[in-house]
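Hi everyone, thanks for coming. I'd like to walk you through a few helices and a couple of backbone angles today. Have a look at this one with me.

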Amino acid sequence: ETTNDAFLGGKVYALQPKRGFRSGIDAVLMAAAIPAQTDDTVLELGCGVGVASLCLGARVTGLTLTGVELQPDYADLATKNAVSNKANMTIICADLRSLPIDLRQQQFSHVMMNPPYYDRAQGNSAKDAGRDVALAGDTPLGDWLDVGIKRLAPKGTLTIIQHMTRLPEVLTAINGRLRSIKLRPIAAQANAAPGLFLLQAKHSGRGPFMMSCPLVMH
């Protein structure tokens with residue numbers, strides 16, 4: 001059973017499971033952070049039903065979008081959403097650790113990802129199978145980043161939104177491989193410690209590490 005939900009004030013509509021993992025503000029924020037331009041290519045790892053890529057495509061015209069999603073039901077919805085939103089988007093149902101050979105031979109202007117926020121080794125789980133994979137999947141965070149980095153074209157950007165407790169893992173995984181790192185903490189309220197962060201880094205970048213002031217949601 002699905003719902004058809006509006007994003008960006010109705011610029012994007014997406015079918016989502018009524019129960020299970022549902023895209024929200026995280027996908028919208030990640031899409032807003034991508035410095036894409038017309039004719040760029042974009043790869044989203046773990047695209048779910050495609051909301052982040054579709055929001056990006058609604059903002060920047062002329063993009064070629066590719067989404068990789070492990071769960072067949074979500075990949076099927078992403079395909080339907082790409083068609084209904086008239087997006088130039090291809091959905092590939094695959095484990096990101098075993099991508100099809102033709103995809104492993106491609107490079108992209110931008111790679112974005114919203115990996116599970118919680119570590120399976122810590123015993124985190126959810127009753128719904130789809131939500132469980134999305135929130136605490138079996139693929140290590142380092143593998144997500146390794147695959148993403150390998151798919152970047154020179155000067156391409158990698159963007160990730162993630163739980164603040166996993167910032168050390170992200171920095172360790174990209175250390176010496178990507179540069180021009182930009183970090184933006186995300187806080188629920190002005191007096192609350194940031195719970196999430198957006199991080200963007202560049203292939204062959206030369207800029208220094210930069211951290212912006214927190215984005216306060218409420």
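Let's begin with helix 3, whose buried residues are Tyr74, Ala75, Leu77, Ala78, Asn81 and Ala82. Buried here means under 20% relative accessible area, exposed means over 50%, and partly exposed is in between, with a 1.4 Å probe and protein chains only. Looking down the axis of helix 3, those buried residues fall within an arc of 160°, so they line one face of the helix. The arc is taken from the directions that run from the helix axis to the C-beta atoms. On the face turned away from the buried side, helix 3 carries the exposed residues Pro72, Asp73 and Val83.

Before I go on, a word on the source: this is a predicted model, where local features need pLDDT of at least 70 and side-chain atom pairs count only at pLDDT 80 or more, while totals for chains, interfaces and linings use all residues. Residues are numbered from 1 along each chain as its sequence is written, and side-chain values use heavy atoms, leaving out hydrogens and water. Helices (H or I, at least four residues) and strands (E, at least two) are DSSP runs, numbered from the N terminus.

Now, two helix pairs. The axes of helix 1 (residues 25-33) and helix 2 (residues 51-59) come within 8 Å and cross at roughly 40°. That makes helix 1 oblique to helix 2; angles under 35 degrees count as roughly parallel, over 145 as roughly antiparallel, 65 to 115 as roughly perpendicular and the rest as oblique. Which residues make the contact? From helix 1 they are Ala27, Val28, Met30, Ala31 and Ala32, and from helix 2 Val51, Ala52, Cys55, Leu56 and Arg59, where contact means heavy atoms within 4.5 Å.

Helix 6 (residues 141-150) and helix 7 (residues 167-174) pack at an angle of about 40°, their axes 9 Å apart, and are therefore oblique to each other. Here Leu141, Leu145 and Ile149 of helix 6 meet Glu169, Val170, Ala173 and Ile174 of helix 7.

Most residues other than glycine have a negative phi. Asp39, not a glycine, has a positive phi of about 80°. Asp39 sits in the loop between helix 1 and strand 3 (41-45), and counts as exposed at 63% relative accessibility. Ser180 also has a positive phi, near 50°. Ser180 belongs to strand 8 (residues 179-187) and is buried, with a relative accessible area of 15%.

Methods: Axes are lines fitted to C-alpha atoms, for helices over the stretch in contact, and angles run from 0 to 180 degrees between N-to-C directions.
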